[in-house]
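Please read it beside the sequence and the structure shown here.

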Amino acid sequence: MGSMRNRGRRITDRKIEAYYELMRSIAETNHERMFEYYVEEDDASVFRLANGTSVQENVYPGFRQNIDRYLAECPKESIESMKKMLDNCLSRPMRQGAQIDFIDENGKSKPTTVLLVSVADLDRKVCMVAGILLEVKDEKGQIDSLTGVYNHVAFESRCVNLIRNEKSKLLFMMLDVDDFKIVNDTLGHNVGDRVLSQTGQALLETVGENGIVGRVGGDEFIAVVCGIESREAIDDFCEQLSENLKNIIFDMEYSASIGMTVTTDRQATFKDLYYEADQAMYYSKKHGKNRVTFFDEINKKDTHPMLMQSQYHESYEDSGLSELDRFSYDEYPDYILIVDEKKKKIVFANKSIRKASVMAPAQFDEYISQTFSDDFIDIFLRKKEQGNRYSVFKGDEHPDNIIAKLLEEKRLIVKLTHKIHNGYRMIKMIDLSDESKLNEVLRQVNSYKMCMKTFIRSAANRVSDNDFGAYLRILKDFYNADCVALIYGNNGNWNKLEEIHGTNAQTMAKLMSQSVTSGQVLDFMALFNESGRVFFSNVKEIEEVRPDLYKRLADVRIWSASAVKLSKCDEEFGTIVLMNPRNNSGALDLLDLVGVAYSDSLFYKHACDEFEYRLNYDDVTGLKKRKTFNNLGESYVEYKCDSMGIFACDIIQLGKINDKFGYSAGNARLRMVADVLRNVFNGFEMYRYEQDEMVVFCRNVDKKSFMGMVRTVRESLNDIDVSVSTGFSWTQKPDISKQLDEVRDMYEIEKQSKLESLSKTTRLRVIKDVSAELENGRFLVYFQPKVDSRTGVTTGAEALIRFKDEKHGLIGPIHFINIMEENNCSYLVDLFVLEKVCAIQKQRCLAGKRVVPISVNFSKTTLEYTYLLDKVREIISRYDLPEGLIQIEITESVGDMDIAVINNIAQSLISMGFRLAMDDFGTKYSNLEMLIKFQFSIAKIDRSLVKDIENNEKGRIMLKHLISMIKELGIECVAEGAENAEQVLMLRNFGCNIIQGYFYSKPVELDVFTSEFVEKTRNPL
């Protein structure tokens, strides 16, 4: 092992080396084990030292990658602690320490103190993590100092082992000291600490050597007891526990709510038993406190439907009650019936009355579905009463009464309300036979009224729109929830979190934070029903439909949850989530009211943010407006920085582009340039400084880095379909005004040079001698692939013309097509492209190679050329290609031509074997008219509809329906302009599979197109 140490690397930090040697010395002296992890190999080993020699115990190949497998028997908290320590040590040279519970070969927990140190190589990069494993000889650090029982982590570790190895039945219990907050608040924390200490000792005395006792946190305790095989033994245990708890004496009466569960013959996990005991304990608290409840007793009575889907009779569908109403009434602790006086029928019966009924469920449904007699209301009250009047009812006095049939001899307070939904009446009944239940109802009503008053007062006195903490505290107190979270954001991106949690719910809060950060909160959002609400009182109800979510929730002890969506004006802002709400779970009025307040605040905040954005950012490019720069004033000019680099660019002849093609075309060019700047100068300040000018300010950047970005951005701007002049300046003595003048002088010189060159070369050559340029090879044909996103197979391409200038290189068609059309010679270029494409297709056919359809553009002036059809026939006759290998793309501008002329040309081209494609579809109303009138086989969605669809909901909706319409017309759909995977996936989901755009490739030369696309398959998404 010694030969492996550091694997030939030198330790550069002498302190770390000394610390490492000290650990080795301690390990050898105390016969402890050493741990070493080698980063490059991802291997770890555990060994002992004897007389300076390493005695290897275990080797762990791929340790970091397989750490969960190697430590599978350890408690989850121990595994996470080990991972965290290792990650910290790998981030930079440091020392870390923690106590870990390892599991030995006998399945017993072995507490171990792990001390780790990072070792760096000469490059200051961590190459090894070394450590010592010190076995804890006693239980110091695992025992709660106040109560003398195990802390939560230690208890769970031991309990997991006990459950795994114990063959006899186990009794699992949880205890919560009743009204402990009142004890602390009225008698002081010293008395409270004494109560907790005595509770721990009472539990230890009761459990003895037969089990384990722990403190979950706060005033909650937990215990597991072995060897209780009979009901009599359980009763004896409970009686002994009661006697021991009675010995806890202070100035108030001591009481505790206890929940228990028994393993019986089933295979139960710690998580199962914890959940069951926890539910039983809170059942005890909810039903009067100072009692013991077994989970199997409440499990038969308290099964709750998931997601607010109440168990109501089929006839309830016609009750006129909303889903929220049904849920709210279903959760009331008192009995609820809603009756239709006209039809003499019961239209709703809540869960409480169903549970309390002496009838079986089927018998209950059959009974209440009947039509009753004319004195329907009088059945409930001995005389008809007006308004909200109360009456005492005794079932044994009226055995034929409907309530007596359902509830037998119960003594009730009956309240008949005013008419509610659709003229129905609601009958509320409070059971007087259980005084604790009556007290609970009264407490709940008083608590609700007090919370509503507090909420209204808090809303009225709210300091700012972002002060959500007060609302969250109100909700937490009213619902007695472990954790309350507000998750919110804009445009469906819910990435912000506000939460408040109890002392025992740190892991819940951490889960919510991680879920929001990672986007996993969307799993929870999928549970919302149509009313925008979630409710489940038993997390097991979602195990089948959402197993991953169930595991995450159960791991952090989230047993139940309620949530509402926040929305206003059809815009969703987020959600409020209650975790483990134990009180008032059926009273969603307060949650709804808080939701309305949040929605208003978030709507206002979103509107303010949107206004602020529009005030400071350019709508077209997304860059900052010039006035935001001007508002900085002289302070910006004098801003002290070590260096300043300024880059500016100007779009040449942007005004002419707007005049000729419209502002949409000009705006598209502006966005192209802005996107290039953002990609290169990410993190620096960018402005749309003038109509056609953009400026980037790079503070504190070195000259080499700045010039590298300048070279990159200039190369990228040469690849887009617009001519741009650029200028730049860098200095160590920043002077904004002077540098801007230098930059502008530079790009003005370049602009004039380009304009003169274009006018002297492009204009003269194109207008006077296009034919000569074609013969001299100045015009080149490039190909942009069309790819099936489902398979990655290239299904075609569009042929695009470029002009090769000796000085400026390749020039896009935007600089010469207009000139050609103005001089009626664009047909020369279009026919040239057609001939080239035919020759290429013929050559590949003769060679037996794969051939895909290629489309050629015909402009409006080309279609107006008198001899067009004759020229096309001549070309086709020379090559004799199979039909369908050439497609003709026509733009919407031909809509201005005579319909008869267009129709004649279209029919003639189709008869020659061409397929017609409508280019730039969706940009103008004339597209739709042409698509209906002429026989187009293909419609190409314009790039303007595809750009930014991932951030534009309205654009997505329009595009989805446009694609659907095209397909219903039996026309093939192709989308142009897709630049990222998200856009491609959205288009595919909408039904458009054929994609042409920079995501797959920019226009390329023939050799690249055939070798990389026609003869290869791209990786499908």
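## Helices H34 and H35

H34 passes H35 in a right-handed crossing. The model is a predicted one. H34 spans residues 953–968 and H35 spans residues 981–990; the two helices pack with their axes 9 Å apart, at an angle of about 45°.

On the H34 side, the contact is made by Arg956, Leu959, Lys960 and Ile963, which meet Met986, Leu987 and Phe990 of H35. Sorted by type, the residues of this contact are five nonpolar and two charged, with no polar residue.

## Helices H30 and H31

Another helix pair is formed by H30 (residues 868–879) and H31 (residues 899–911). Their axes come within 11 Å and cross at roughly 5°. Angles under 35 degrees count as roughly parallel, so H30 and H31 are described as roughly parallel to each other.

The contact brings Leu869, Val872 and Arg873 of H30 against Asn904, Ile905, Ser908 and Leu909 of H31. Its residues divide into four nonpolar, two polar and one charged.

## The five-stranded sheet

Five strands form an open sheet in the order S22-S24-S25-S23-S26, and their pairing is mixed. S22 (624–625) and S26 (724–731) are the edge strands, each pairing on one side only. S22 runs parallel to S24 (residues 685–688), and two bridges join them. Within this pairing, Lys624 has Tyr687 in S24 as its bridge partner.

Helix H24 (residues 663–680) packs on the sheet, where it touches S23 (644–651), S24, S25 (693–699) and S26. The direction of H24 makes about 160° with that of S23. Helix H25 (residues 703–718) lies across S23, S25 and S26, and runs at about 180° to S26.

How many of the residues of S12 are buried? S12 covers residues 335–340, and six of its six residues are buried. In a regular strand the side chains alternate between the two faces of the sheet. In S12, Tyr335, Leu337 and Val339 point one way, while Ile336, Ile338 and Asp340 point the other way. Both sets are buried, the charged residue Asp340 included.

S12 pairs with S13 (residues 345–349) in the antiparallel sense, over four bridges. One of the bridge partners is Ile346 in S13, which faces Val339 in this pairing. The hairpin of S12 and S13 has four residues between the strands, and Lys344 in this hairpin takes a positive phi near 60°.

Asn580 is not a glycine, yet its phi is positive, at about 55°. Asn580 sits in the loop between strand S21 (571–579) and helix H20 (589–616). Is Asn580 buried or exposed? Its relative accessible area is 3%, and Asn580 is therefore buried, since buried means under 20%.

Asp920 also is not a glycine and has a positive phi of about 55°. Asp920 is found in a strand, S32 (residues 915–921). With a relative accessible area of 24%, Asp920 counts as partly exposed.

## Phe661 and Asn818

Phe661 belongs to helix H23 (residues 654–661). The relative accessible area of Phe661 is 40%, so this residue is partly exposed. Phe661 and Asn818 are 157 residues apart in sequence, and their C-alpha atoms are 9.9 Å apart in space.

## The chain overall

The chain contains 36 helices and 35 strands. It has 1021 residues, of which 51% count as buried. Among contacts between residues at least 6 apart in sequence, 63% join residues at least 24 apart.

Terms used:
Residues numbered from 1 in each chain as written. Predicted model: local features only at pLDDT ≥ 70, side-chain atom pairs only at ≥ 80, totals over all residues. Heavy atoms only, no water. Axes fitted to C-alpha atoms, helices over the stretch in contact; angles between N-to-C directions. Left-handed = near helix turned anticlockwise from the far one by under 90°. Contact = heavy atoms within 4.5 Å. Pairing = 2+ DSSP bridges. Parallel < 35°, antiparallel > 145°, perpendicular 65-115°, else oblique. Buried < 20%, exposed > 50% of the residue type's maximum accessible area, 1.4 Å probe, protein only.
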